[in-house]
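Hello,

Here is the structure for you to look over. My notes follow below it.

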Amino acid sequence: MIYSRIVGTGSYLPPRIVTNGDLAGKLETSDAWIQERTGIRQRHIADESQASSDLALEACRRALEAAGLTAADIDLIIVATSTPDYIFPSTACLLQAKLGVKGCAAFDLQAVCSGFVYALATADSLMKNGIYKRALVVGAEVFSRILDWNDRATAVLFGDGAGAVVLAAGDKPGVHASVLHADGSQVGILSVPGNVCGGKIVGSPFLQMHGKEVFKLAVRVLDESAREVAAAAGIRLEDVDWLIPHQANVRILEATAKRLGLPRERLVVTVDHHANTSAASVPLALDEYVRAGKIKPGHKVMLQGVGGGFTWGASLVTM
Ligand SMILES: CC(C)(COP(=O)(O)OP(=O)(O)OC[C@H]1O[C@@H](n2cnc3c(N)ncnc32)[C@H](O)[C@@H]1OP(=O)(O)O)[C@@H](O)C(=O)NCCC(=O)NCCS
């Protein structure tokens, strides 16, 4: 049996930090409101010169270094993003060129804030079939570009960043199981309902959200997918060392851990200083905890995505 295993993690945050106080100077909001409702204190925002592929490049360099590999060792690149550099080619192809390699498979995957988990499950399947041996799985976003900075209900929630893992094929798990789901009928509660046609924007280029409905749905599906993936992996929830739900809102994260009966100490929280970085949030959080020495080799980690689509999913991995 072939399994895939995470052998290196990396992440990158653009240097510019925007605090709640900075936003309160421009919007009718306050640090106290944002912290109380979301747990967010600050977010990183990319310069105009930085695209998703630039953020992804730095995250991948760090993940490759941690794995003791070079880009030439990689035979598959999947980038999860909803904020690609171009309509085409894919951000994965642009990233491949920036990594200075050619020939390996490279494609983008779009599942919004579930993107990284979808990409991990996809790479794992391709590797289990023996098709690929070493993959870069990346989440990279510049959500700051699709926010209406005059809309306090959404502008305060998101940030930019990238996270990456190197997956290697081997005879031990690794990724035990993944579950993926979607409900396209929920398109109206979270979307950027726009497109480009004949050189003009048709619809809206900005993120729109019904916060309360997203909140309720997120807590429900995070609970369900955690139980489903644990059962599929044959691992008891109480044996999970770390829970990394998509970093949307600290209240969503805490509600999920509580419903699952997992103690707060096993819940990974980075949303306070990264905000919601969509597809980048899970690998960013994973890398931060790995580098801090909290997540160690042998630990069982549950990774969970939830977001626009609506999409959701989970993977259970041994590091
Ligand atoms: C967005 C969210 C923080 C809003 O919190 P909430 O408790 O549901 O708040 P409401 O939307 O009911 O708004 C309450 C009030 O705060 C106001 N408000 C909204 N954003 C505000 C802000 N940034 N600052 C101050 N007040 C704000 C609203 O206008 C509303 O005022 P009103 O009562 O006078 O109408 C919360 O619903 C949430 O986190 N939802 C999930 C969002 C998410 O994670 N999305 C991504 C998923 S991938």
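**Ligand shell**

The residues of the shell around the ligand divide into twelve nonpolar, six polar and three charged. For these classes, Ala, Val, Leu, Ile, Met, Phe, Trp, Tyr, Cys and Pro count as nonpolar, Asp, Glu, Lys and Arg as charged, and the others, Gly among them, as polar.

Two notes on the model before going on. Residues are numbered from 1 along each chain as its sequence is written. The model is predicted: local features need pLDDT of at least 70, side-chain atom pairs count only at pLDDT 80 or more, and totals for chains, interfaces and linings use all residues.

Back to the ligand. It is surrounded by 21 residues, and the closest are T29, R152, G211, A248 and G307. A residue is near a molecule if its C-beta atom, placed from the backbone, lies within 6 Å of it. At least two shell residues come from each of α2 (31–38), α6 (152–155), α7 and β14 (300–307). Helix α7 supplies the largest share, five residues. Helices (H or I, at least four residues) and strands (E, at least two) are DSSP runs, numbered from the N terminus. Domain 1 (3–171) and domain 2 (176–318) each give the shell at least three residues.

**Two domains**

The domain assignment gives domain 1 (3–171) and domain 2 (176–318). Such bounds come from an automatic or database domain assignment. The C-alpha centres of the two domains lie 14 Å apart. Their contact takes 43 residues from domain 1 and 44 residues from domain 2. Two residues are in contact if their C-beta atoms, placed from the backbone, lie within 7 Å.

Which elements give two or more residues to the side of domain 1 that touches domain 2? They are β1, β3 (42–44), α5 (115–128), β6 (134–142), α6 and β7 (160–170). Helix α5 gives the most to that side, with seven residues. By class, the side of domain 1 that touches domain 2 has 21 nonpolar, 16 polar and six charged residues.

**The core**

The largest nonpolar core has 101 residues. Of these, A56, C60, I78, V137 and V138 touch the most other members. Helix α7 gives the most to this core, with nine residues. The core draws at least three residues from each of domain 1 (3–171) and domain 2 (176–318). A nonpolar core is a set of buried Ala, Val, Leu, Ile, Met, Phe, Trp, Tyr and Cys residues joined through C-beta atoms within 7 Å. A residue is buried if 20 or more other C-beta atoms lie within 10 Å of its own, exposed if 12 or fewer, and partly exposed in between; C-beta atoms are placed from the backbone.

Leaving out residues up to four places away in sequence, V137 touches I78, A119, L120, A123, A164, V165 and L167.

G8 is in strand β1 (residues 3–12). Is G8 buried or exposed? G8 is buried, because 21 other C-beta atoms lie within 10 Å. Beyond residues up to four places away in sequence, G8 touches A63, L64, A66, A67, L69, V165 and V166.

In helix α8 (residues 250–260), I252, L253, T256, A257 and L260 are buried. They cover an arc of only 130° around the axis, so they sit on the same side of α8. The arc is that of the directions from the helix axis to the C-beta atoms. Their cover includes α7 (211–233), β13 (242–245) and α9 (271–274). Just after α8, G261 takes a positive phi of about 70°.

In helix α4 (residues 91–98), the buried residues are T91, A92, L94, L95 and Q96. What covers them includes α3 (52–67), β4 (76–80), β5 (105–109) and β6. G100 follows α4, and its phi is positive, near 80°.

**Backbone points to check**

- P173 and G174 are joined by a cis peptide bond, with omega about 15°. G174 lies in the loop between β7 and β8 (175–182).
- G309 and F310 are also joined by a cis peptide bond, with omega about -5°. F310 is in the loop between β14 and β15 (311–318).
- V112 is not glycine, yet its phi is positive, near 50°. V112 lies in the loop between β5 and α5. With 25 C-beta neighbours inside 10 Å, V112 counts as buried.
- A275, another residue other than glycine, has a positive phi near 60°. Its place is the loop between α9 and α10 (281–291). A275 counts as buried, with 31 C-beta neighbours inside 10 Å.

Best wishes
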